[in-house]
Amino acid sequence: MSTATAQKPTLITLPVSLYNDFGRWSLESAGFDYEERRQALMLHVFASRLKGGEGTTPMLLTGDQKLTNSTAIAEYADAAAPAAAHIYPQDPAERAEAREFVEWLTGEFGEATRRMAWEFLPDDVPTIERYWTPGVPGWQAKAMPVLLKTGKPIVKRALGLTEEKLTAAPIKVTEILDKIGERLSDGRRFLNGDFFGIHDIVFAAMASPAVCPTDGYPVPHFQPEDFPAVHADRIRGFREHPAGAFAMRMYAENRTPATRGSYA
Ligand SMILES: N[C@@H](CCC(=O)N[C@@H](CS)C(=O)NCC(=O)O)C(=O)O
């Protein structure tokens, strides 16, 4: 390993994950160079804890700083961004609105989109293996299925997979897609008008488990065909919603390679 590589900030991630991709996309759009260390599912909890994190990923280690959640990583990326590549508006009032928007979407929306996908995944270890092993250490790929079999109740508890919350999730997702659709209804190109940035990144990343991007996602993403018909149909419906179609477009056109933030 070269000295340059060893000194790069390290991002601990899972291959497929809305919060992890929010972190990655923010860093890349702000022009921030980092080395990704992908972990297998469940082992990511240990990797995070071992480095003093909260047992979640993404987690960014810069040498002198430890950022333990996706929003903190996005803000850090913005602070380090060169002029004209900021991902957050720099005007204080607009920035405050952007922060509220991020908080809203990483909260109830992200939790609901993730919960919908995970209703079915804990019982389908081969699908988990297919999508959560690309780029992870070989020993982790081997250990993951065994851990998943015993750890299923932990996963279900961590994601709040109760009947009540699973029933509420599609309603919440639709409600928020409708609100985003309203914001887009004047024909604007990006969620904040002409400027590509944090609104687009956080919305598309949080929508990703619901729409399952076909283009632009940096690793293979699970698709409708991986689920029972009831959920496959819901994904197809979300893709047809104007806000869902917008999320798909953000991935296809602005994710890989990541479009630079467009705030001065
Ligand atoms: N608020 C955190 C949430 C991150 C998160 O929930 N990450 C998941 C993967 S998508 C995780 O690591 N979950 C493990 C756990 O909660 O035990 C953030 O924004 O980074």
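The shell around the ligand comprises, by class, five nonpolar and ten polar residues, with no charged residues. In this predicted model, the ligand is surrounded by 15 residues, the closest being Ser17, Tyr19, Thr56, Asn69 and Ser70. Two or more residues of the shell are supplied by each of helix 2 (18–29), helix 3 (43–50) and helix 4 (70–80). Of the closest residues, Tyr19 and Ser70 fall within the limits of helix 2 and helix 4, respectively.

The overall fold of the protein contains eleven helices and four strands. Its radius of gyration is 18 Å, close to the 18 Å given by the globule rule for 264 residues, so the protein is as compact as a globular protein of that length. The C-alpha trace spans about 50 × 50 × 30 Å along the principal axes of the protein.

Two helix pairs illustrate the packing. Helix 6, formed by residues 125–132, and helix 7, formed by residues 138–158, have axes that come within 10 Å and cross at roughly 135°. An angle counts as roughly antiparallel over 145 degrees and as roughly perpendicular from 65 to 115, and helix 6 is therefore oblique to helix 7. The crossing of helix 6 past helix 7 is right-handed. On the side of helix 6, the contact is made by Val125, Ile128, Glu129 and Trp132, and on the side of helix 7 by Met144, Pro145, Leu148 and Lys149. Classified by residue type, this contact between helix 6 and helix 7 has six nonpolar and two charged residues, and no polar ones.

Helix 9 passes helix 11 in a crossing that is left-handed. Helix 9 contributes Asp200, Phe203, Ala204, Ala207, Ala210 and Val211, which meet Gly244, Ala247, Met248, Met250, Tyr251 and Asn254 of helix 11. By class, the contact of helix 9 with helix 11 comprises nine nonpolar residues, two polar residues and one charged residue.

Technical notes
Residues numbered from 1 in each chain as written. Predicted model: local features only at pLDDT ≥ 70, side-chain atom pairs only at ≥ 80, totals over all residues. Near = placed C-beta within 6 Å. Nonpolar A, V, L, I, M, F, W, Y, C, P; charged D, E, K, R; others polar. Axes fitted to C-alpha atoms, helices over the stretch in contact; angles between N-to-C directions. Parallel < 35°, antiparallel > 145°, perpendicular 65-115°, else oblique. Left-handed = near helix turned anticlockwise from the far one by under 90°. Contact = placed C-beta atoms within 7 Å. Rg over C-alpha atoms; globule rule 2.2 N^0.38 Å.
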